[in-house]
Amino acid sequence: MPRPYLTLAALATAALPGLDVARAQPFTGGGEGEFDSALITGRDGAHLVVRVPATPAAAHAQDAETRALAALTAGVRARLPFAVTTVRGIGVTGGRGSGPLSQVRDYLPGHRVRPDAVLAGGPLAASLGAAIAAVHALPPGIVAEAGLPRTTSAEALGAAADLVERAAVCDRVPPPVLARWRAAVGDTANWQYRPVVIHGALTIDRLLSAPRGAPDERVTGVLGWEAMSLGDPARDLAWTLALPGEAAAGSVFAAYSRARGGSVDRELRQRAMLYAELEIGRWLLHGLERGLAEVVRDAETMLATLLDSVRQDTAGSLLHETIPVLSVEQVQRMLDDRRQSAARSHAATD
């Protein structure tokens, strides 16, 4: 049974000594019932969220996020163009520490980003790309110092290949789609990237923004840091491919590339597409393993849509882009053009 919000307010005062609660109210935060939460306001006007995990999985996620948020020190946060919550206190909920831990954190104001608000060429798409790039530019050392997970490119490839083969065993994935996935994990050139600090669980539900039409329409906050790690940057971008209209995702990728400059690997989008498609396989396996017929049907519908795109050649390639090979004559002409250009520039300065 969910804890009443007044009980949660009492837990907040125990977790944060000196807190003087002026008001408490229920708080869902758009979640899925993983936490019992309440929004409280202190006498000083500060808004805080107190929450208690409702399941063992939620308790594990809260512990992981607490460590990640601690790694995001004030100096690290100064590098980010958006706000991140801060944990203010942690307390026990049961006698002799037997229950899950309660947590008190800052409330982040903002509006949940809607998919249709991320418009191609719009300020929100540009802000989103820059926000993800800022996370990926953080010093990798913060992950090691906090004891957070680190995944090499070889390990990421192995995990993707394992998921593909698990999906193959269930015999529910259309052969052309399965062949597409196997070709992608078999293309080792796709996996030659340098791991970076990633959010790790980024979806549109984790984003806060100023309201649409505001003078400064941008990403203002990012939630849910429990999967922060050193890993593949494509993971944080995969979800954007589901935005309405392909052009919106293109704008996010373009803004990301501008912010990251030469740090973007050529196969970033291919891996992002693969991760997005493999989520369908993961959803299918989840439904089969739990005996959830509705989930299985949903996954099979998505696989059918993907199959149509593959057959119509509109799904996009998951293989790395090869650099055109120039003939000797083409190389010579290119060198001649460069020499002539350099000569003209030199003459112009004389």
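This is a predicted model: local features need pLDDT of at least 70, side-chain atom pairs count only at pLDDT 80 or more; totals for chains, interfaces and linings use all residues.

Me: What makes α9 and α10 roughly antiparallel to each other?

Reply: The axes of helix α9 (residues 268-290) and helix α10 (residues 293-311) cross at roughly 155 degrees. Angles over 145 degrees count as roughly antiparallel, and α9 and α10 are therefore given that label. The two axes come within 8 Å, and the crossing is left-handed.

Me: Which residues make the contact of α9 with α10?

Reply: On the α9 side they are E277, I280, W283, L284, H286, G287 and L288. On the α10 side they are V295, V296, D298, A299, E300, M302, L303 and L306. By class, the contact residues split into 10 nonpolar, 2 polar and 3 charged.

Me: Why are α6 and α7 called roughly antiparallel?

Reply: Their axes cross at roughly 160 degrees and come within 10 Å. The cut-off for roughly antiparallel is over 145 degrees, so α6 and α7 meet it. α6 passes α7 in a left-handed crossing. The contact involves L157, A160, A161, V164, E165, A167 and A168 of α6, together with L178, W181, R182 and V185 of α7. These divide into 9 nonpolar, no polar and 2 charged residues.

Me: What makes R182 and E165 a salt bridge?

Reply: The closest N and O atoms of R182 and E165 are 2.9 Å apart. The rule asks for a side-chain nitrogen of Lys or Arg within 4 Å of a carboxyl oxygen of Asp or Glu, so the pair qualifies. R182 lies in helix α7 (residues 175-186) and E165 in helix α6 (residues 153-169), so the bridge ties together parts that are 17 residues apart in sequence.

Me: Are R182 and E165 buried, partly exposed or exposed, and what is the reason?

Reply: Partly exposed runs between the buried limit, under 20%, and the exposed limit, over 50%. R182 has 38% relative accessibility and therefore counts as partly exposed. E165, with a relative accessible area of 36%, is also partly exposed.

Me: Why does the pair E65 and R51 count as a salt bridge?

Reply: Their side chains meet at 3.0 Å, N to O, and the limit is within 4 Å. E65 sits in helix α2 (residues 56-71) and R51 in strand β3 (residues 47-53), so the pair ties together parts that are 14 residues apart in sequence. R51, E65 and R105 are linked in a network of salt bridges.

Me: Why is E65 called buried, and why is R51?

Reply: Buried means under 20% relative accessible area. E65 is at 2%, so it counts as buried. R51 is at 12%, so R51 counts as buried too.

Me: What makes R206 and E226 a salt bridge, and why are they called partly exposed?

Reply: The N to O distance between their side chains is 2.9 Å, against a limit of within 4 Å. At 21% relative accessibility, R206 is partly exposed, since buried requires under 20%. E226, at 26%, counts as partly exposed.

Me: How many salt bridges does the rule give?

Reply: The count comes to 15.

Terms used:
Residues are numbered from 1 along each chain as its sequence is written. Side-chain values use heavy atoms; hydrogens and water are left out. Axes are lines fitted to C-alpha atoms, for helices over the stretch in contact, and angles run from 0 to 180 degrees between N-to-C directions. Helices (H or I, at least four residues) and strands (E, at least two) are DSSP runs, numbered from the N terminus. Angles under 35 degrees count as roughly parallel, over 145 as roughly antiparallel, 65 to 115 as roughly perpendicular and the rest as oblique. A crossing is left-handed if the near helix is turned anticlockwise from the far one by less than a right angle, and right-handed if clockwise. Contact means heavy atoms within 4.5 Å. Ala, Val, Leu, Ile, Met, Phe, Trp, Tyr, Cys and Pro count as nonpolar, Asp, Glu, Lys and Arg as charged, and the others, Gly among them, as polar. Buried means under 20% relative accessible area, exposed over 50%, partly exposed in between (1.4 Å probe, protein chains only).
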